[in-house]
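Hi everyone, thanks for coming. I'd like to walk you through a structure, so let me put it up on the screen.

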Amino acid sequence: MATNLQLTEDGRLRHLLTLEGLPRRILTQILDTAASFVPVAERDVKKVPLLRGKAIFNIFFENSTRTRTTFEIAAKRLSADIVNLNINASSLSKGETLLDTVANLSAMQADMFIVRHAAAGAAHLIARNVAPHISVINAGDGRCAHPTQGLLDMYTLRHYKGEFHNLRVAIVGDILHSRVARSQIHALTTLGCPEVRVVAPKTLLPRDVESLGVHVHHNMEDGIRDVDAVLMLRLQNERMRGSRLPSAGEFFKHWGLTPAKLKLARPDAIVMHPGPMNRGVEIDSEVADGVQSVILSQVTFGIAVRMAVMSLLAGSGAQA
Amino acid sequence: MPTSLPTPEQLIDQLARAIAPVIHDSAPGDPPWALVGIHTGGVWVMDGLMRRLGADLPRGVLDIAFYRDDFSRIGLHPQVKPSSIPFEVEGCRILLIDDVLYTGRTIRAAMNLLFDYGRPAAIKLAVLVDRGGRELPLCADFVGANLNLAADEHISLNQNHDGVGLHFAIQQR
């Protein structure tokens, strides 16, 4: 059902809500298109006229400076007009419903909504209720999905490691609360990565995680041994209710990525992190700033990937 | 196909002969020349010209997908390639190269794209075939062959299956 909502009748990207069930050809098309946007940022004029005159609304019901900013830069580099709305600070506190907010913005001739919400399914709900010419991008919903983050991680992996069919990848940390991990897992399996490992304590793993086609490791040393890439996750302090962990220091001891642990991975392994990092909690500063870290490249590529998604969505309403 | 149309290789020879004196007759202090081909056919023509001109000129490649004026009608081209201009456009003389000149919309898009890299000193246009049917006030400085095609006829430059030579294909749409 999610897949149908995301694709037009002739199989083009209509909304981007989740990477689950999205066909490989769409993922590859997004990555290939992004590759053409990367050199745009190296020019004098870092803009293309593609989305001139389009109105894009960044609707963030949950704070996120980085994601909101990269979407904003991506839209501006496509020459679109973008408006940022932090809804938790405005209408909802006055009692307006989610769909009322969207209807009002639609009446302002919106062409695209970028939605972040603490509740799973918020972007889906909006996508089901917008006019046919409006596209929706999920910029993170609850623990569910963060598709553009998953895509930029795939872009970064492909950039440094080549094709996916002979890669061994470890996703380490708080899988349970992480929409990033879910998006990464769906993308990696769709793109043909033969060995996706999730490395976490039992308390930070969803119960059904094996059904996603991943190998589970409860020991970090075993989990990252001989991998080509270590995808670290942020410890979601603000999402933690109750005590799943003794302390941040204890977490670092067992699950933090240190230079010593990284030596167990392949010598040319790369280290990724979706940011913002908790240095000394899930990652040692020496690793975060080390030669194997590609964390800042992820940020740069993230803009090109978001430009690709926006331009494919904006073009999908056109007659083929 | 009209038997009068020479092969692409013959036309590239012809173009190279016309272009060579212009490119080679630079006085000291004149702005430098660079070649820029438009994906995909224009790049093949450019590489053919490069070999014949024998000069070590800067080489750039443009994909105009992000600059097309029909994006809102047909969406993004399915196979966009990265543009690459590995030289300073500012103050440079540019020979812009395409395979077929038709409405002129591709050339307009390519010039807009070039200007986002800098302000060239001059742009000259070389095409293998001018098939008429212009919708914009543009003409080429160097033309391999002029061809009068009906609006429902489509000419394309293609690479031979062996990957070395080029050939034209004309189809009824």
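Before we look around, one cut-off: a residue is called buried if 20 or more other C-beta atoms lie within 10 Å of its own, exposed if 12 or fewer, and partly exposed in between. Also keep in mind that this is a predicted model.

You'll find B:A20 in helix α1 of chain B, which covers residues 8-24. B:A20 has 15 C-beta neighbours inside 10 Å, so B:A20 counts as partly exposed. If you want a sense of distance, take B:L113, which is 93 residues along the chain from B:A20: the two C-alpha atoms are separated by 26 Å.

Now hop over to chain A, and to A:N86. That residue is in strand β2, residues 81-86. Is A:N86 buried, exposed or partly exposed? Well, A:N86 has 14 C-beta neighbours inside 10 Å, and therefore counts as partly exposed. A:F60 sits 26 residues from A:N86 along the chain, and their C-alpha atoms are separated by 5.1 Å.

Okay, zooming out to chain A as a whole. Its secondary structure comes to 12 helices and 9 strands. The C-alpha atoms fill a box of roughly 55 × 45 × 40 Å along the principal axes. For 320 residues, a compact globule would have a radius of gyration near 20 Å, and chain A, with 19 Å, agrees with that. Of those 320 residues, 48% count as buried. And if you take the contacts in chain A with a separation of 6 or more, 76% of them come from residues 24 or more positions apart.

Here's a helix pair to look at in chain A. Two packed helices are described by the angle between their axes and the distance between the axes. Helix α6 (residues 147-161) and helix α12 (residues 295-316) of chain A pack at about 120°, with axes 8 Å apart. Their crossing is right-handed. On the α6(A) side, the contact includes A:L151, A:L152 and A:Y155, and on the α12(A) side, A:F301, A:V305 and A:V309 are among the residues involved. By class, the α6(A)–α12(A) contact has 6 nonpolar, 6 polar and 2 charged residues.

Last stop: where the chains meet. How many residues does each chain bring to the contact? There are 17 from chain B and 17 from chain A. The side of chain B that touches chain A splits into 8 nonpolar, 5 polar and 4 charged residues.

Note on methods
Residues are numbered from 1 along each chain as its sequence is written. Chains are lettered from A and ligands numbered from 1 in the order in which they are written. This is a predicted model: local features need pLDDT of at least 70, side-chain atom pairs count only at pLDDT 80 or more; totals for chains, interfaces and linings use all residues. Two residues are in contact if their C-beta atoms, placed from the backbone, lie within 7 Å. Ala, Val, Leu, Ile, Met, Phe, Trp, Tyr, Cys and Pro count as nonpolar, Asp, Glu, Lys and Arg as charged, and the others, Gly among them, as polar. Helices (H or I, at least four residues) and strands (E, at least two) are DSSP runs, numbered from the N terminus. Axes are lines fitted to C-alpha atoms, for helices over the stretch in contact, and angles run from 0 to 180 degrees between N-to-C directions. A crossing is left-handed if the near helix is turned anticlockwise from the far one by less than a right angle, and right-handed if clockwise. The radius of gyration is taken over C-alpha atoms; the globule rule is 2.2 Å times the number of residues to the power 0.38.
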